[in-house]
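Biologist: Before I use a model in my own calculations, I would like to learn how to read its features one at a time. Could you take me through them?

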Amino acid sequence: MTRSSSGNVYVPFGGKVEVVIPQARDISLFRVKTEAPLDYAPGQFFMVSLWGAGEVPISVASLSRDDAVVDLCIRRAGAVTGALHALEAGDTVWLRGPYGNGFPLDTSRGRDVVLVAGGIGLAPLRPLIEWFMENPGDAGRVTLLYGAKSPGEIVFRDEMEQWRDRGIEVLVTVDRAEGGWEGRTGLVTGLWQELRSDLQQATAYICGPEVMIRAAMGELFLLGMPEERIITTLEAHMKCGVGKCGHCYAGPRYICTDGPVFSYREVKSYGLFLSR
Amino acid sequence: MKREWILEKNHISYWLRQLRKDRDLVGPLRNEGKDVVFMTVEQIHEVVLDLPASLPSPKEFLFPQYESMLRFNVSGKVPVAGPGAKTVSPGACVECSREGDLLDLADRRRRLVFGVRSCDVSAVRLLDRFFLEGFRDPYYEQRRKNILFVSIVCNNPDPTCFCIGLGTGPYLEEGFDIQLTDLGDRYFVQASSAEGIRTVKDMSFLFRRPRKADLDDQYEVFLSAKARFHKRISLESSRRAILEGRVKDSFWRRVTERCFECGGCVYECPLCTCFTVADRRYPDAVERIRLWDTCLFKGFTRMAGGILPNGKRMLRTKRWFYHKLVHYPEVFDEFGCVGCGRCAVTCPGRIDMATIATEMKGLDLDGSEQRP
Ligand SMILES: Cc1cc2nc3c(=O)[nH]c(=O)nc-3n(C[C@H](O)[C@H](O)[C@H](O)COP(=O)(O)OP(=O)(O)OC[C@H]3O[C@@H](n4cnc5c(N)ncnc54)[C@H](O)[C@@H]3O)c2cc1C
Ligand code: SF4
Ligand code: SF4
């Protein structure tokens with residue numbers, strides 16, 4: 001729902017920070033409660049702002065349950081995200097949206113699902129994990145392959161046990177083992193052979209740094225997954241979120257309104273990878 | 001629907017004076033540097049009537065270089081104009097919270113822009129589609145709803161003009177508000193939009209019915225205008241050259257070597273629409289503003305962490321031309337160029353639409369330049 005009493009798409013509405021849950025160094029989850037109910041889908045994003053700091057796109061990190069709550073998982077990356085990190089419970093934050101197309105859940109209906117995430121890229125996939133947990137019949141086996149730079153940078157660590165308990169297979173790897181880490185080390189793209197799903201029949205949802213997305217998409221394709229079922233969400237500089245400011249324009253598409261979710265087929269045919 | 005009249009030239013100042021009564025009159029005026037530019041008219045006699053074909057684009061009045069969008073009053077009191085605050089018509093309070101009031105600063109002032117060219121009217125038709133299809137841009141929409149254009153048929157196009165190949169000038173058959181053709185001692189007046197027709201009819205005593213001689217004279221102006229074009233440019237063949245893969249990156253690299261990255265082309269082009277958004281702080285309020293931005297600038301696509309998707313200059317030049325020549329037709333079925341030639345007047349590096357289209361014509365099938 002795009003709520004704006006004035007019909008002006010640039011007018012944000014206020015929400016209250018209910019709780020801040022630190023996830024890793026420079027990454028926190030902000031649970032925001034608004035007055036009117038919110039209706040958003042996995043893969044969509046809000047333009048999030050503070051007056052005087054500015055506005056940035058942030059993906060929804062929770063599943064919309066017809067209430068007035070949204071989780072935003074934010075990494076401190078610069079001016080605006082830095083200001084957002086100063087928010088405490090009870091503070092007001094401004095939102096407009098939701099925007100973007102969201103993940104095409106039809107693509108994975110009845111199929112095994114491989115979720116591939118790197119770093120904070122797990123946040124936009126968390127609503128999908130919640131969806132598959134709450135709707136176990138919707139897909140077959142669901143496996144999360146997650147890579148972080150170091151054990152200290154793993155996000156949603158506290159929730160992973162619960163995900164496992166509710167039927168999601170979770171495989172975590174780190175680039176650098178530290179502090180008594182006994183799990184896997186190495187790149188997330190090194191985990192394909194541990195998968196128990198037939199990749200040719202499965203659907204993949206990928207989010208992370210662009211280098212990781214690029215590698216994961218290419219490798220899954222070579223392993224036989226059709227390009228329409230290799231799905232990612234892309235990031236680009238955005239100032240408006242509604243297809244006007246021109247910043248996220250790539251190929252003939254706007255990442256904000258035509259995306260941010262695209263299949264490997266679209267990424268290739270429109271040349272959507274930003275770093276060329 | 002199109003209606004036609006005749007207006008004697010010695011009635012024009014009176015007409016403009018009447019039109020100004022209930023709206024701002026914007027017209028071509030000579031500034032201190034003696035350049036003719038569009039400005040709000042204070043003295044009717046200063047309006048330049050023998051204007052050159054190419055003036056700065058009037059897009060400024062629909063999509064200004066700097067625009068205040070929203071104002072958030074921290075104190076919750078009536079806004080006080082801070083330093084640099086523009087006089088915008090006061091907006092309604094759209095949202096209230098304990099922290100303060102949020103004002104929508106959309107400019108709803110009524111304007112009449114006199115003396116624009118057919119290419120500009122054609123550009124506005126495309127801007128309408130860009131800003132109002134999909135999500136509606138409320139700032140453009142409010143200005144657009146309140147603006148009326150009086151365009152003048154080009155009887156003496158500049159050497160840089162190439163609207164004729166695109167059907168966007170030198171005169172229009174439809175889709176304008178009011179169109180004037182200069183017949184020497186009188187104007188042939190045509191009105192096409194409902195608002196245009198109403199505006200003429202409001203002062204019908206100034207106008208008379210056209211006679212056969214008037215129609216003949218207008219036809220002659222149209223014919224001689226068409227004959228005066230220096231440039232015959234086919235953007236369709238450029239588009240095809242790109243789609244057929246004849247325009248290689250080496251071409252864009254060569255072109256880009258001439259670019260000074262001044263952004264002049266983008267600011268002058270009536271169809272360039274990119275902007276950035278920023279918050280300006282005042283002691284008691286914050287204004288969210290937007291400013292023209294340029295895809296040709298290096299920082300345009302910069303992302304957090306310093307990633308620069310279009311870091312290579314060549315990619316930015318290519319993006320500008322692809323947008324206008326390939327993507328615009330794909331989305332809107334029209335080129336993102338109306339042939340106004342302003343980029344040619346502005347660019348110190350001869351990287352303008354007509355020159356580039358001409359250079360593409362000289363490319364061989366394998367992308368190499370043909371030797372004369
Ligand atoms: C669809 C989408 C979803 C996203 N989801 C999330 C999410 O869930 N969580 C998350 O943490 N992040 C997310 N991001 C990324 C997040 O939006 C960026 O990290 C954020 O915009 C950075 O803003 P900043 O002000 O903190 O950073 P800064 O680096 O300070 O920059 C802010 C912006 O201003 C511009 N800028 C700053 N300085 C300059 C300069 N010198 N020249 C030109 N431009 C400049 C940059 O383009 C930059 O994007 C998402 C991005 C997109 C597109
Ligand atoms: S690209 Fe050049 S000729 Fe075409 S509309 Fe823009 S400024 Fe005018
Ligand atoms: S006007 Fe010419 S030199 Fe300036 S940015 Fe445009 S193409 Fe480059």
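This is a predicted model: local features need pLDDT of at least 70, side-chain atom pairs count only at pLDDT 80 or more; totals for chains, interfaces and linings use all residues.

Biologist: Let us begin with the overall fold: how many helices and strands does chain B have, and what share of its residues count as buried?

Modeller: The secondary structure of chain B consists of eleven helices and 13 strands, and of its 372 residues 55% count as buried. Chain B exposes about 16900 Å², of which carbon and sulfur atoms supply 51%. If one takes the contacts in chain B between residues at least 6 apart in sequence, 72% of them join residues at least 24 apart.

Biologist: How should I read the interface, and what area do chain B and chain A bury between them?

Modeller: The size of an interface is often given as the accessible area lost when the parts come together. Here chain B and chain A bury about 3500 Å² between them, with 58% of that area on carbon and sulfur atoms, and the contact takes 43 residues from chain B and 41 residues from chain A. There are 17 residue pairs in polar contact between the two chains, counting pairs with both residues at pLDDT 80 or more. On the side of chain B that touches chain A, the elements that each supply at least two residues include β4 (66–73), α2 (118–132), α3 (138–145) and α9 (313–332). By class, that side of chain B has 20 nonpolar, eight polar and 15 charged residues.

Biologist: Which residue of chain A does B:R288 meet in a salt bridge?

Modeller: A salt bridge is read from the distance between a side-chain nitrogen of Lys or Arg and a carboxyl oxygen of Asp or Glu, with 4 Å as the cut-off. The side chain of B:R288 meets that of A:E55 at 3.7 Å, N to O, and across the interface of chain B and chain A the rule finds two salt bridges. A:E55 also forms a salt bridge with A:R96, at 2.5 Å from N to O. Because A:R96 lies in strand β6 of chain A and A:E55 in strand β4 (residues 54–59) of chain A, this pair ties together parts that are 41 residues apart in sequence. Both A:R96 and A:E55 are buried.

Biologist: Where in chain B do B:D249 and B:K318 lie, and how far apart are their closest N and O atoms?

Modeller: The closest N and O atoms of the salt bridge between B:D249 and B:K318 are 2.8 Å apart. The pair links distant parts of the chain, with B:D249 in helix α7 and B:K318 in helix α9 of chain B, 69 residues apart. B:D249 counts as partly exposed at 29% relative accessibility, whereas B:K318, at 18%, counts as buried. Salt bridges may also join into a network, as they do for a group of residues of chain B, among them B:D24, B:E67, B:D137, B:R143 and B:R290.

Biologist: B:D137 then brings me to α3(B): which end of that helix does B:D137 cap?

Modeller: B:D137 caps the N-terminal end of α3(B), with a side-chain oxygen 3.1 Å from the backbone nitrogen of B:Y139.

Biologist: Returning to helix α9 of chain B, is B:H327 buried or exposed?

Modeller: B:H327, which lies in helix α9 of chain B, counts as buried at 8% relative accessibility. Leaving aside neighbours within four places in sequence, B:H327 is in contact with A:Y249, A:G251, A:P252 and B:Y322.

Biologist: Finally, what should I look for in the backbone, and which peptide bonds are cis?

Modeller: The peptide bond from A:G97 to A:P98 is cis, with omega near 5 degrees, and A:P98 lies in strand β6 (residues 92–99) of chain A. The bond from B:G169 to B:P170 is also cis, with omega near 0 degrees, and B:P170 is found in the loop between β8 (147–152) and β9 (178–182) of chain B. As for phi, A:D26 has a positive value near 70 degrees although it is not a glycine, and this residue lies in the loop between β1 (13–24) and β2 (27–34) of chain A.

Definitions and conventions
Residues are numbered from 1 along each chain as its sequence is written. Chains are lettered from A and ligands numbered from 1 in the order in which they are written. Side-chain values use heavy atoms; hydrogens and water are left out. Helices (H or I, at least four residues) and strands (E, at least two) are DSSP runs, numbered from the N terminus. Buried means under 20% relative accessible area, exposed over 50%, partly exposed in between (1.4 Å probe, protein chains only). Contact means heavy atoms within 4.5 Å. Accessible areas come from the Shrake-Rupley method with a 1.4 Å probe; for residues, only the protein chains shown count as cover. Buried area is the accessible area (1.4 Å probe) that two parts lose on being put together, summed over both. A polar contact is a pair of N or O atoms within 3.5 Å; within protein, one must be able to donate a hydrogen and the other to accept it, and residues adjacent in sequence count only if both atoms are side-chain atoms. Ala, Val, Leu, Ile, Met, Phe, Trp, Tyr, Cys and Pro count as nonpolar, Asp, Glu, Lys and Arg as charged, and the others, Gly among them, as polar.
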